[in-house]
Amino acid sequence: MAIATTEKLIVVGIDESDQTTLEWTLDHFFVPLGSNSVFKLVVVHAKPSPSSVVGLSGPGAADVVAIVDVDLRKTSKRALEKAKEICIAKSVKTDDVIFEVMEGDPRKVMCEAVERHRATILVVGSHGYGAVKRALLGSVSDYCAHHAHCNVMIVKKPKITNSLWNIFSF
């Protein structure tokens, strides 16, 4: 469902493991229930295709792919349910928010969502991977910063200041 208005729109990319990006966006761009926000909100979860997760071929591979697909759908559903809970907790009406699951590589999914909705801002998270992990896995935030046709906000995870080392050091 594309939005064809000239309203300012924010696309927020979420994943199943962390919703810090959505929380940050709501805290910084949206006001409590009853007030009018300048922005409309679209929350997008990128569901990997089952074939990209399963590297099997041969007899029985189709059965495995089907099982993986069911699990990926459940994961996406949980991610959106959590996003809706966060919106409610932050007093943002979920009726005013578009929640989408799009299948594919998260980097391309986010850029496609920006184009389809004509977003003003894309907000994505940063996992804080090191150079080697980022080179192997690819950075969604880096890709979006270079390819999305709108402003891109990269939300970093908060640093944990009390590590076990600090607690137990003498």
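Which residues do ring pairs link into a cluster? They are W24, F29 and F39, and this briefing on a predicted model takes a friendly look at them after a quick tour of the fold. The protein holds 7 helices and 5 strands, arranged along the sequence as β-α-β-α-α-β-α-β-α-α-β-α.

**Overall picture**
- Of the 170 residues in the protein, 35% are buried.
- Counting contacts between residues at least 6 apart in sequence, 73% join residues at least 24 apart.
- The accessible surface is about 10,800 Å², and carbon and sulfur atoms account for 55% of that surface.

**The aromatic cluster**
- The whole structure contains 2 aromatic pairs.
- In one of them, W24 and F29 have ring centres 6.0 Å apart and planes at 65 degrees, so they meet edge-to-face.
- F29 and F39 are also an edge-to-face pair, with centres 5.4 Å apart and planes at 85 degrees.
- Because F29 belongs to helix α1 (residues 20-29) and F39 to strand β2 (residues 39-47), the F29 and F39 pair ties together parts 10 residues apart in sequence.
- W24 is partly exposed at 25% relative accessible area, F29 is partly exposed at 21%, and F39 is buried at 14%.

**Around C87**
- C87 sits in helix α3 (residues 61-89) and is buried, with a relative accessible area of 0%.
- Beyond its close sequence neighbours, up to four places away, C87 touches L22, L26, V92, T94, V97 and F99.
- L22 is 65 residues from C87 in sequence, yet their C-alpha atoms are 8.4 Å apart.

**Charges over rings**
- K84 lies over the face of F99, 5.3 Å from the ring centre.
- R107 lies over the face of Y143, 5.8 Å from the ring centre.

How values were computed
Residues are numbered from 1 along each chain as its sequence is written. This is a predicted model: local features need pLDDT of at least 70, side-chain atom pairs count only at pLDDT 80 or more; totals for chains, interfaces and linings use all residues. Side-chain values use heavy atoms; hydrogens and water are left out. Helices (H or I, at least four residues) and strands (E, at least two) are DSSP runs, numbered from the N terminus. Buried means under 20% relative accessible area, exposed over 50%, partly exposed in between (1.4 Å probe, protein chains only). Contact means heavy atoms within 4.5 Å. Accessible areas come from the Shrake-Rupley method with a 1.4 Å probe; for residues, only the protein chains shown count as cover. Rings of Phe, Tyr and Trp (its six-membered ring) pair if their centres lie within 6.5 Å; planes under 30 degrees apart count as stacked, over 60 as edge-to-face and the rest as tilted. A charge sits over a ring if NZ of Lys or CZ of Arg is within 6 Å of the ring centre and within 35 degrees of the ring normal.
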